[in-house]
Amino acid sequence: MVIESDIPQFAEWVGLAARNWLIALGCLAAIGVLFGFLVATLRHGPGSALRITVGVLRNALADIGGISPRRVLALARLAVKEAIRRRVVVAFAVFILVLLFAGWFLDPGSSDPARLYLGFVLTTTSYLVLLLVLFLSALSLPADITSRTLHTVVTKPVRSSEIVLGRMLGFTAMGTGLLVVMGLTSYVFVVRGLSHTHTLGDDDLAAVSQTAAEVGGKVTQTGQTSRVHSHRHKVTIEPSGYHEVDSANGHSHELQIDTSRGAPVYHLGPPQGALLARVPVYGKLRFRDREGADTEKGINVGDEWFYRSYIQGGSPASAIWTFTGITPERFPDGLPVEMSIGVFRTFKGNIEKGVFGSLSLRNPKTGLTVETEVFESREFETKEVYLPRQIKSFSSAQVIPRRLVTPSGEQTIPSPDQINPALAEKKQFDLYEDLVAEGEVEVWLRCLEPAQYFGAGQPDLYLRARDASFALNFAKGYLGIWLQMVLIVGFGVMFSTFLSGPVAMVATLGALVGGMFSGFLTDLAWGKVLGGGPIEALIRLVTQQNQITEMDPGLRTEAAQMLDRVLQYFLWAISAILPPFGEFNYADYVAYGFDISGDLMLVRLFSAAAYLLPVFLAGYFFLKTREVAR
Amino acid sequence: MHSSTTQTDSPPASTTQTEVVIETRNLTKVYRDFWGRQKVRALKALDLEIRRGEIFGLLGPNGSGKTTTIKLLLGLLFPTSGQALVFGREATDVTKNERIGYLPEESYLYRFLNAEETLDFYGRLFNMPSAIRRQRAADLIEMVGLTKTKRRQLKEYSKGMTRRIALAQALINDPELVVLDEPTTGLDPIGTREMKDLILRLRDEGKTILMCSHLLADVQDVCDRIGILYQGELKELGRVDSLLKVRDVTEIRTTTLSEAAKEEIQQVVRRHGGEVQFMGNPTTTLEELFLHIIRESEAHPGRRVRGGADSNGH
Ligand SMILES: Nc1ncnc2c1ncn2[C@@H]1O[C@H](COP(=O)(O)OP(=O)(O)O)[C@@H](O)[C@H]1O
Ligand SMILES: [Mg+2]
């Protein structure tokens, strides 16, 4: 999987995020109050407008402070009943139907069936549930207003805040129930869809070689299992009874050999390792340039906003990940490294052949660097490399100081007088004795072929800690959909407090789509997209100009760029306000078998809550200040 | 609270001593369209005072602004100018609703709930504890005579049944002020009679009642005081009995007389400078008054009652 943005650490994130949130909330509140004041002025004149505005704000405190749980729950229950009356079950029936059809079309024999199945169920569930709550939440309040049932409700001591909150809670509860049922169904569907086993008979096995050392009249046997789901597994059985079933299509099977009745009977278990949740341990990435000095970034090979930096082959240039917290308890046997590296070829050569690179381990204190692994890499192929605890074979060992070139001069770590080349003169290295210093170790990636480049971003290389529970990860994936659902409910109810049903639905959908592309909007706002801002881009489009050439200087260009600047702030404001719906989508993590970290969950949970509070407040104010009986 | 029944029997002087429950000052409502253009002036500078323990009737033809007045008093609409106060609080203050029961013009209830669920739901909105809620719901269902059908969804109810459950809903909180918008529409004659009896019973329990209707008979039978609205203007305001007293006409009612006796009476009247206009059975005079007001307003638009003081006839 290609994760294109850094995974935030909750503790680092929360402070800054909270500050930005408070600023944004303050600005929005100020704009809201000003807007309310202006509207009141237009209606009642400036004198009473001030009185009205202050009154509304004071009322708001009472209305939000005095929310009664019993009333909110009553309204939430009503929303659930309404949803049931609107035949929510139909959505579930559709889901079951889709799964039944999918059972025919999803190919369990594809090269990564788990990804196919998981991606499918997560996408289907999220589309169905999100669409459903979009309908429910956006249509409910307007329906109550047109049928005037709301008149009977608001003439009870019900606060507008309770009406908005009750609706939000009710539809959330409804969606939650639906998600739980769909989640369980999906889990069963995936496990059953992937489930299979192979057979292995005596005829499938053959002795490896007649000359191989015989152990008690036995030889090493190898063979292939039967073909199920368009694949076979290679099986090796050693004379000692030790056996191995090779992995195919992302999984393997356990082999049991029953010799109790003379001739061995082979029995293969269910697929193993198909559904997993890798726990990546990420390091901090820096680079070393061709001269061997430290840099923040590598070389840019074109797309300057791509997060990956490149290192030149056949030079000292390296991408360096520093890992912390490396202890024998966490990694008792060595470091399992997984990486997917970008390969940029300046000449094509043999495309079938990969580009050679190497991995080294370096002690950040002493500078001892041991090149342990040479490998061949293809573009974005996920490679698994095991760096053992006892390093007996290695291609080179040397002490390399880290060179920092700053404007005030050059500095090396360790300093020249502390460099001890003798450290490298050993036959065998121990990971924890020689290479890890205070839990820290560096992994160096180099490209060995001149004129070829490797590209890497921080999440591209990681250590793989012990796998987490897949079922839990699957649930976390559904929690991501749940967060999206809650946001849609929030926006839907908020818009429905002042818009008619269909318009509220379109508005919510607009917020959803805008939020999905909020990253693009931000880039557009800051002119990071080729071809300038929206107006400039439009002119280029109409006049069929190239995206890169400078526009003719002149009044027209000036005006267009000026307008763009205004639009850019507007776009920026919008992109900053809309929730980045896409970021709440964990489907890829689950489908590609990556554990969704607690940090990620916390960050998303808090940002969803951060969006919901102002959405709720806006809904309250809109409903409070509208005439229900119009 | 219960002494109010006796007070309303006596002339206006004593009503000034009881608490004002509803007060409107110069209350005006202009309906505007989306662009803020004026569409209808539905209510024009209404001044009204309704006191604890009385049954006040708003009378007027369709579209005269009765429902608009009620919605303004309940905070469902915001006044264009002027003020509406209920229990001394702004009409938009939701806490006043604790003491109000409202029966809307049509029964705006959730049709997918049954009678029990409906009452339970509205009871919860009053934050009533479940035991009280259940007791109250059972009593009310009994009172409106829906015990047999209480488990059926409201969408299966007839118009009269819906009206009854709507009434029960309005009384769930044992309100001090009951606001009834056209309480008898959709009811058969027996239902109408029951409704009127109920209104009187509520008044006897010390509740204040504001009702509006276009049916003269309803108002005449139960209301202590009435206001007549026509095209958003308050045309008449006063006690029903005094409004119907025609000051410049003296009516004599006797047991059946002989022709000679009638002739003698006419002579006596003539001797005192009077003139006998009519001798026979009296008519339902509210209808007459009503039609008279409408004729008057068409002849002299703009003449109306102001200041909330009781006026006695014309
Ligand atoms: N929501 C509305 N928008 C525009 N005009 C309205 C609205 N509601 C009522 N009106 C108008 O206001 C006037 C008074 O209506 P209403 O108070 O309902 O009368 P009543 O209850 O006495 O029959 C009528 O002319 C009606 O058409
Ligand atoms: Mg009406």
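This is a predicted model: local features need pLDDT of at least 70, side-chain atom pairs count only at pLDDT 80 or more; totals for chains, interfaces and linings use all residues.
In chain B, four strands line up as an open, antiparallel sheet in the order E2-E1-E4-E5. Strands E2 (38–51) and E5 (89–90) of chain B sit at the edges, each pairing on one side only. Strand E1 (residues 20–32) of chain B is joined to E2(B) by nine bridges, and B:Tyr31 has B:Val40 in E2(B) as its bridge partner. Helix H2 (residues 66–74) of chain B packs on this sheet and touches E1, E2 and strand E4 (81–86), with its direction at about 115° to that of E1(B).

B:Thr67 belongs to helix H2 of chain B, while B:Glu105 comes 38 residues away, in the loop between strand E6 (100–103) and helix H3 (115–125). B:Thr67 counts as buried because its relative accessibility is 16%, under the 20% cut-off. B:Glu105, at 28%, counts as partly exposed.

Turning to the rings, there are 22 aromatic pairs over all chains. A:Phe375 and A:Phe454 are stacked, 6.4 Å centre to centre with 10° between the planes. They bring together strands E15 (residues 368–377) and E23 (residues 452–456) of chain A, and the two residues are 79 apart. A:Phe375 is buried at 4% relative accessibility, and A:Phe454 is buried at 1%. Elsewhere in chain A, A:Tyr187, A:Phe470, A:Phe474 and A:Tyr478 make up one aromatic cluster.

Charges sit over rings too: A:Arg278 lies over the face of A:Phe594, 4.9 Å from the ring centre, and the charged end of B:Arg99 is 3.8 Å from the ring centre of B:Phe87.

Terms used. Residues are numbered from 1 along each chain as its sequence is written. Chains are lettered from A and ligands numbered from 1 in the order in which they are written. Side-chain values use heavy atoms; hydrogens and water are left out. Two strands pair if DSSP finds at least two bridges between them. Contact means heavy atoms within 4.5 Å. Axes are lines fitted to C-alpha atoms, for helices over the stretch in contact, and angles run from 0 to 180 degrees between N-to-C directions. Buried means under 20% relative accessible area, exposed over 50%, partly exposed in between (1.4 Å probe, protein chains only). Rings of Phe, Tyr and Trp (its six-membered ring) pair if their centres lie within 6.5 Å; planes under 30 degrees apart count as stacked, over 60 as edge-to-face and the rest as tilted. A charge sits over a ring if NZ of Lys or CZ of Arg is within 6 Å of the ring centre and within 35 degrees of the ring normal.
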